[in-house]
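Reader: I am new to this one. Please show me the sequence and the model, and then let me ask about the terms.

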Amino acid sequence: MTGLFTKRVFDLLAVIVTAPIWLPVLAVVALLVRIKLGSPVFFRQQRPGRGEGIFEMIKFRSMRDARDGQGRPLPDSERLTPFGRRLRSTSLDELPELINVLRGEMSLVGPRPLLVEYLPRYSTEQRRRHEVPPGLTGWVQVNGRNALSWDEKFALDVWYVDHRGFWLDLRILFRTVWQVVARHGISAAGDATMPEFRPPARSEPSSSP
């Protein structure tokens, strides 16, 4: 509990102290999104947080709301605009998540919050990623990001849970700055972002004697 309290205090101090830097950037990007993609400016989606509690994550919208004849959203590669791709390559689409950090729903550092529908698909080990608050950035993001396989990402998430601490968080934050500048691992090979997580079917134990 002490570690989580220290983490929370650090998050609040870091976000508040740097507000004069990120608030003007937030305003400018919001205006650009409004001009390029229209309304709404923000993309809101429910995600699982610590203890698998559900919260509403806020990002800048980077895709068109384009659908097929049946009303289903088109693939990400067809909805992601050139402007949206540039927005993601700089990670500026994630900037509104600082609001989630201020609310206490996220931390600056931790496993990235994934889709709610993935929850039933996790193994017992993979579920351990929810033992800590989800992060704006994390150990995965500085070790390959979306260029990694799902198994590699989950292994890194669990490693972070087991080794988390103040100095590791600082190391991740500094490395994140470099990753954003270098723009490494933005997308998985052959995908606009990252393919859906679909674990292999687990075999049922045999009932024969």
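Reader: Where does Ser-91 lie?
Author: Ser-91 sits in the loop between H4 and H5. Helices (H or I, at least four residues) and strands (E, at least two) are DSSP runs, numbered from the N terminus. This is a predicted model: local features need pLDDT of at least 70, side-chain atom pairs count only at pLDDT 80 or more, and totals for chains, interfaces and linings use all residues. Residues are numbered from 1 along each chain as its sequence is written, and side-chain values use heavy atoms, with hydrogens and water left out.

Reader: Why is Ser-91 called buried?
Author: Buried means under 20% relative accessible area, exposed over 50%, partly exposed in between (1.4 Å probe, protein chains only). Ser-91 has 17% relative accessibility, so Ser-91 counts as buried. Its phi is positive, about 65°, although Ser-91 is not a glycine.

Reader: What makes Glu-52 partly exposed?
Author: Its relative accessibility is 24%, so Glu-52 counts as partly exposed. Glu-52 lies in the loop between S1 and S2. Glu-52 also has a positive phi of about 65° and is not a glycine.

Reader: How much of the protein counts as buried?
Author: Of the 209 residues, 44% do. The protein has seven helices and four strands. From the N terminus on, they run α-α-β-β-α-α-α-β-β-α-α.

Reader: What makes Lys-59 and Asp-93 a salt bridge?
Author: A salt bridge is a side-chain nitrogen of Lys or Arg within 4 Å of a carboxyl oxygen of Asp or Glu. Between Lys-59 and Asp-93 the N to O distance is 3.6 Å. Lys-59 lies in strand S2 (residues 54-60) and Asp-93 in the loop between helix H4 (82-89) and helix H5 (97-103), so the pair ties together parts that are 34 residues apart in sequence. Both Lys-59 and Asp-93 are buried.

Reader: Which distance puts Arg-112 and Glu-94 in a salt bridge?
Author: Their side chains meet at 2.8 Å, N to O. Arg-112 lies in the loop between strand S3 (107-109) and strand S4 (135-137), and Glu-94 in the loop between H4 and H5, so this pair ties together parts that are 18 residues apart in sequence. Arg-112 and Glu-94 are buried.

Reader: What about Arg-128 and Asp-162?
Author: They form a salt bridge at 2.6 Å, N to O. Arg-128 is in the loop between S3 and S4 and Asp-162 in helix H6 (residues 150-163), so the pair ties together parts that are 34 residues apart in sequence. Asp-162 has 48% relative accessibility, so it counts as partly exposed. Elsewhere, salt bridges that share partners join Lys-59, Asp-93, Glu-94, Glu-97 and Arg-112 into one network. By this rule the count is 14 salt bridges.

Reader: Why are the buried residues of H2 said to be on the same side?
Author: In H2, Ala-19, Trp-22, Leu-26, Val-29, Ala-30, Val-33 and Leu-37 are buried. They cover an arc of only 110° around the axis, which puts them on the same side of H2. The arc is that of the directions from the helix axis to the C-beta atoms. On the other side of H2, Pro-20, Ile-21, Leu-31 and Ile-35 are exposed.
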